[in-house]
Every structure is written in C-alpha cells, then in structure tokens.
Amino acid sequence: MDIINKMSGPGRYLIGEEEKQEILDVLDTGHLFRFGGESDPQYKHKVVSFEDELKAHLGSEHCLALTGGSVGLLTSLAALGIGPGDDVIVPGYTFVASISAIIWARAVPILAEIDESLTIDPDDIEKKITDRTKAIMPVHMLGNPCDMDRIMSIARKHNLHVVEDCAQALGASYRGRKVGTIGDMGAYSLNHMKVISAGDGGAITTNDYDLYHRAFGVHDQGHLPSRYGEEIGKRGIIGLNLRMNELTGAVALAQVRKLDYILSTLRRNKKLLKDMISDIPGIGFRRINDEEECATLLTIMFDDKKIADKFASKIGSGNMYDSGWHVYNHMEQILNKKMPTNVGCPFECKEHGKDVEYAPHMLPQTDDILSRSVSISIGVVDKGLGSAFGINLLSDEAEIEAVAATIRKAMQEL
Ligand SMILES: Cc1ncc(COP(=O)(O)O)c(C=O)c1O
C-alpha cells in the first residue's frame, strides 16, 4: 500500500508552516545558541520556550532539552550518581539506546523479561534484584505505559532509583500522570520515528531541583542552570556538551504545540481500526496498561508463532521477534560487550561486570511473546519495529477501512 512508503513517526507528517516560521524567526537573527541575554531582541529563546511548554504539558517541575534521547538517559543516570559497581534493570525488548546508555554510564545492564504489555515484567524485576541493583529503567515501549504502580512499589521497597525511558511514549499517561513524571527522571526522544520530531533531539524531566541542577551541569560542562552569573569557581561537576541549539528548539517548539492534536488523532484512529477488527475470531491484542497511551501501534497477539507468521506474511509483515533491532537477541554489540575501548568499561570492573553475560535466548518469555505478536502501524511506520503495514497520521477513514479489510481477509485465510 502506497501510504506505507513514508517510514517515520507521526510528528514528521505535520512538519509545515509553523516549523518554518519558528526556524525563520531564529535564522533572521543569526543567534542559534540556546543561551542569550534576556533583553537582547536577537535572542528568541526557542529552546527555553520548548522546555517551558513541554514541562507544562507533562506537569513536571523541571525540563531540560538535549541533543537526543540516548544522552537524556545517560544524563539522567549520571545525575543520579549511577556508575561503576551499580546494576540497572532494563527490559530485553527495547531500543539498544536504553542498554547502551547504562553501559556508557559505566554501570551494568541486567536484562529483564517483558510481559504481555510488551513492557518490563514487574515479577521478573523482583527476581533480578541483588545488592548491586541501583536503579530500574522501565521503557514505555510502543507508546504503552509500563505497570508503574508495581514498578514504583518495588523501587520503594528496595530503595531503587527509577529512570523512565519515554522515548517512544511522549504524552502517554498512566493513571492520570504523564509518563516520565512518575519515577525520579524521564527521558524523551525527538528523533525521526517519534511522536513529535525535530529530526533529532531530546529532553529530560524531573520534579527534583537537585537532580535538574546536576543534569544541567552534565549536559553543559558543569555550568549552573541557564549559566546565570559568573561561573568560574562555581562548577561542581564535570560535564559534556549535550545542548540543544535554537534551530532544533524552533522545530521542537512548533511540534510540541501539535502534540495534543497528534495524540487525539492517533487514539481516535486506533479505536476506529480496533473496533473494525475486534469481532474477528482468533484476534487478541497486547495488554494496554492505560488507555491514555500514545496509540502509535496496534499489536495483535496470537496463541502461537506459526499462526502469527502466517498472518504476518499475508499482510507483508513479520512477527515482532524477527522485526529487528529492538530485540536483545539481535543486539550483537551488547551480546559481545563491544565497548570501543576497555578503559572505564563496566565489564572490566574488578568487583563485578565480568560475571554478567548476555546470551541469545536468555529471556524465553520475551522471545515467546514477541514471536506471537504482529504490530500494525497507527502512527509509527517502521519496519524495524515490525510495523511496516498499517496506517499513518494522515490516513482517512477509507484507508483505515482498507487496512481492516486486509486484516480480516488475512485472518479468514489462516
Ligand atoms: C526506547 C528508546 N530509548 C531511547 C531511544 C534513543 O533516542 P535518540 O535516538 O533520540 O537518542 C530510542 C530511540 O529510538 C528509543 O526508541
């Protein structure tokens, strides 16, 4: 189907006049740096405005824009003081960035199973906790919030930090709270495949000023928030440069203003498609932990892999296990612990790290669930996620009906 030729998240489909105007506003002044004088008319404070509007949308105390979601996770871990000697529990079904951010923080990722929501299984988190565990990184995969009540109660019981990976779930809510505002810190991505997009870019949120303060320093060479005042002698932390610039901020600002529209469109379209196919015998869906999810994908679950494969081949797709790089089995760089250098590598750490191994099929529950699942795109058209077939943000009712008819026909032929 022609509608599927464009591979991207929903935000990209709405890049238009508003983004252009925000960009031109910045370009006209030539001031592309995120910092500037408050009274300087050349300074258009797009990054700060993006942070303010995202913070308001999420109901978070603090928000910091960065160059991407991966560095948002790394910055969050660093701000929390997680590093050598620490374990972080993370699901084996996620984008590799969740796992690599932990390794770059020089901590050790401990892979956990997912459950039928395709997010981390709280029962398995409990099984994986040891005296080395410092944090849990729940990943709100495919826009679906994790079971945050269970996760937060486990974290409180064992005194663990929680860094929410919200890269795929900007705007999703769990029991009335936006994801990313429930744990200690939340990280979001604005790359091409995400709910809103600036090409690349990211943000982190927290309700804790001290964590925000430390995160700001990590992302800006140790400087204090907004570089107020004379800085020499006041930098309490060694940081990097992970700052967002004003051009990215301009696009991110225009996009965050479209977030409500994007989410309501995705939710409406997903409901329409789901209602059209729910009566088909043999159709089941993944568990959704809150209906205020992002609704970027509709995942169909079968009782066994053979039927899932037959169905997937009829719609020109594949099961989610085979879909590609979101499955730990297909992350050769993680399985082989391939850091560019062993200096500072957590797997060379004396106390532990060497003893942690990653083996294909070490998470049988995850392998089983993914091999029985097939995703239909609602707004994230991505072969790498197993959602090359489906609709996109601009699809009209006729296209939704056509997709429903294809699914019905495929099911009848099984
Ligand atoms: C679950 C997850 N975490 C983290 C990231 C990293 O985000 P970025 O590409 O902005 O660095 C992604 C991006 O694909 C993701 O899907």
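Two residues are taken to be in contact if their C-beta atoms, placed from the backbone, lie within 7 Å. The structure is a predicted model, in which local features need pLDDT of at least 70 and side-chain atom pairs count only at pLDDT 80 or more, while totals for chains, interfaces and linings use all residues. Residues are numbered from 1 along each chain as its sequence is written.

**F95 and its surroundings**

By that contact criterion, and not counting residues up to four places away in sequence, F95 touches A167 and H326. F95 is located in the loop between β2 (87–91) and α4. Helices (H or I, at least four residues) and strands (E, at least two) are DSSP runs, numbered from the N terminus. A residue is buried if 20 or more other C-beta atoms lie within 10 Å of its own, exposed if 12 or fewer, and partly exposed in between, with C-beta atoms placed from the backbone. F95 has 22 C-beta neighbours inside 10 Å and therefore counts as buried. From F95 to V380 the C-alpha to C-alpha distance is 14 Å, and the two are 285 residues apart in sequence.

**Domains**

The domain assignment, which is automatic or from a database, gives domain 1 (11–258) and domain 2 (259–319 + 372–412). Taken over C-alpha atoms, the centres of domain 1 and domain 2 are 28 Å apart. Domain 1 contributes 24 residues to the contact and domain 2 contributes 23 residues. For the residue classes, Ala, Val, Leu, Ile, Met, Phe, Trp, Tyr, Cys and Pro count as nonpolar, Asp, Glu, Lys and Arg as charged, and the others, Gly among them, as polar. On the side of domain 1 that touches domain 2 there are 13 nonpolar, 7 polar and 4 charged residues.

A residue is near a molecule if its C-beta atom, placed from the backbone, lies within 6 Å of it. The ligand is surrounded by 14 residues, and the closest are G68, G69, S70, A167 and S189. The shell around the ligand consists of 4 nonpolar, 9 polar and 1 charged residues. At least two residues of this shell come from each of α3 (69–79) and α4 (96–104).

In α3, 11 of the 11 residues are buried, so the helix is largely enclosed by the rest of the structure. Among these buried residues are G69, S70 and V71. The cover over the buried residues of α3 includes β1 (62–66), α4, β5, β8, β9 (202–206) and α7. Just after α3, G81 has a positive phi of about 80°.

Strand β5 (residues 161–165) has 5 of its 5 residues buried, so it is largely enclosed by the rest of the structure. In a regular strand the side chains alternate between the two faces of the sheet. In β5 both faces are covered, with H161, V163 and D165 buried on one side and V162 and E164 buried on the other.

Two strands pair if DSSP finds at least two bridges between them.

| Strand pair | Bridges | Direction |
|---|---|---|
| β4 (residues 133–136) and β5 | 2 bridges | parallel |
| β5 and β8 (residues 185–189) | 3 bridges | parallel |
| β11 (residues 297–301) and β12 | 5 bridges | antiparallel |

H161 in β5 is the bridge partner of A135, and A187 in β8 is the bridge partner of D165. A right-handed β-α-β unit is made by β4, helix α6 (residues 148–158) and β5. Right-handed here is said of a crossover in which, with the strands pointing away from the viewer, the path from the first strand over the helix to the second runs clockwise.

Opposite I300 stands V374 in β12.

Most residues other than glycine have a negative phi, and most peptide bonds are trans. R106, which is not a glycine, has a positive phi of about 70°. R106 is in the loop between α4 and β3 (108–112), and counts as buried because it has 21 C-beta neighbours inside 10 Å. Q221, also a residue other than glycine, has a positive phi near 50°. The loop that holds Q221 runs between α7 (209–219) and α8 (246–256). With 16 other C-beta atoms within 10 Å, Q221 is partly exposed.
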